[in-house]
Amino acid sequence: MNCDSVKGLLNAYADCELDLVRTLEMDQHLHECQGCSAAVEQVRSLSSAIREKLPYHRAPEGLAKRIGRGVQPSTEAGPRTYRRTWLAAAAALLLFASIVGIVIPALADRSANRQLAQEIVAGHVRSLMAEHLTDVPSSDQHTVKPWFDGRIDFAPPVEDLSAQGFTLVGGRLDYIQQHSAAVLVYRYRKHPINLFIWPEDRGTSTSAATLTRDGYNLLHWNDRGMAFWAVSDASEQTLQALSDALQHNPTPAPTTAP
Amino acid sequence: MTRERVEQVVLPHLDAAYNLAHYLTGNPTDAEDVVQEACLRAIRAFDGYHGGMSSARSWMLTIVRNTTYTWLRTNRKYAPATGMDEEMENVAADAPDPEQILMQSVDAQMLADAVQQLPVEYREVLVLRELEVMSYKEIADICGLPLGTVMSRLARARKQMQQLLGGKVRGGVA
């Protein structure tokens, strides 16, 4: 490869979008050519400056509601009506979910997991919708962890993973399959990640398995007597990194209250 | 379609939708109008969505993008950037300038101003790549472009950003 052929691929190389063969050829050229490797560095530093500093415009409050109203062919649409219909819809959904849960007992782990995944996604989406990501907003693990005491009968491991790029946003209580779950909310770049945790003793730790639902990625695993379900619109690899970080960075085994 | 499905598929991507519309239209009021229109389109078109694109977010952003272009054309705010047609010819010319810019001296406002000066076709690939962290393939799907065009537009977008920022940094120092 010479500088001319390399120049056209610099951006794709910096973005890790080249195939393996070309990547290796580029590696070799960049090793030998100072000019081209400086150019790659430039692309990378611009790219990370944009990611870190360019404002991300979040949708203004109320926009979701206005759109929600467009869907519901309802009569009047005051905020209270909206909330009531939303609650009714949520209640109906819950009722439906519980009927399904009773009438069609899960035949296999896999189909049970699928249903669980749907519930987890629904919980994740609800939290984003209602702007109810957290009950205890804090990036401090020592604030989030004690908050769960007295609210649930187990102690979820709350870890500071900021070194791995996961910012702790806070914690929340949710209800998954008729039991309470602790939800830790992390943010990775722009992506909120909900991590659902509840006690479930499978005897041994199980390795992580992935699922996709409605465009969301889910990753679940068992560790130290707890079930972990992570859900986000972030990539599978991101969730895997979170899972790895949590399991390589263990706190003392969580205790179950009497 | 049910309300629950709207909530699960359309609304979670509202921030991404709004962010893209904001950068493409250049202002918050127009962005809101466009997003509202796009969501209604999405809801009407929902029966046609079977999770075919790589994600609901891509599907949603495709609709936002198309709605924005319709809106830009209707409001005569859209003039295709010149030289778009020859973009496949010489990608090598899109390599960054050898001149180095100290990125630490670049702030959010300078970046936002520079992005706003890019042609809209460059702006969209840059926003999707850097703020939504999407792959070239996903961007190609959303914008309806060949992969090679995504690559060259992104290269040009970055090159122009560097030139614009270079001017600003120098202007700020002088």
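This is a predicted model: local features need pLDDT of at least 70, side-chain atom pairs count only at pLDDT 80 or more; totals for chains, interfaces and linings use all residues.
Contact here means heavy atoms within 4.5 Å.

**Where the chains meet**

Chain B brings 57 residues to the contact, and chain A brings 50 residues. The size of an interface is often given as the accessible area lost when the parts come together. For chain B and chain A that area is about 4900 Å², with 61% of it on carbon and sulfur atoms.

Here are the counts between the two chains:

| Kind of pairing between chain B and chain A | Count |
|---|---|
| Salt bridges | six |
| Residue pairs in polar contact (both at pLDDT 80 or more) | 17 |

Several helices of chain B each supply at least two residues of the side that touches chain A, among them helix 2 (14-25), helix 4 (56-74) and helix 8 (147-173). By class, this side of chain B has 33 nonpolar, 10 polar and 14 charged residues. One salt bridge to look for joins the side chains of A:R58 and B:D15, at 3.1 Å from N to O.

**A buried arginine**

Now turn to B:R123, which sits in helix 6 (residues 120-130) of chain B. Leaving out residues up to four places away in sequence, B:R123 touches B:Y23, B:L24, B:V115, B:Q116 and B:L118.

Key:
Residues are numbered from 1 along each chain as its sequence is written. Chains are lettered from A and ligands numbered from 1 in the order in which they are written. Side-chain values use heavy atoms; hydrogens and water are left out. Helices (H or I, at least four residues) and strands (E, at least two) are DSSP runs, numbered from the N terminus. Buried area is the accessible area (1.4 Å probe) that two parts lose on being put together, summed over both. A salt bridge is a side-chain nitrogen of Lys or Arg within 4 Å of a carboxyl oxygen of Asp or Glu. A polar contact is a pair of N or O atoms within 3.5 Å; within protein, one must be able to donate a hydrogen and the other to accept it, and residues adjacent in sequence count only if both atoms are side-chain atoms. Ala, Val, Leu, Ile, Met, Phe, Trp, Tyr, Cys and Pro count as nonpolar, Asp, Glu, Lys and Arg as charged, and the others, Gly among them, as polar.
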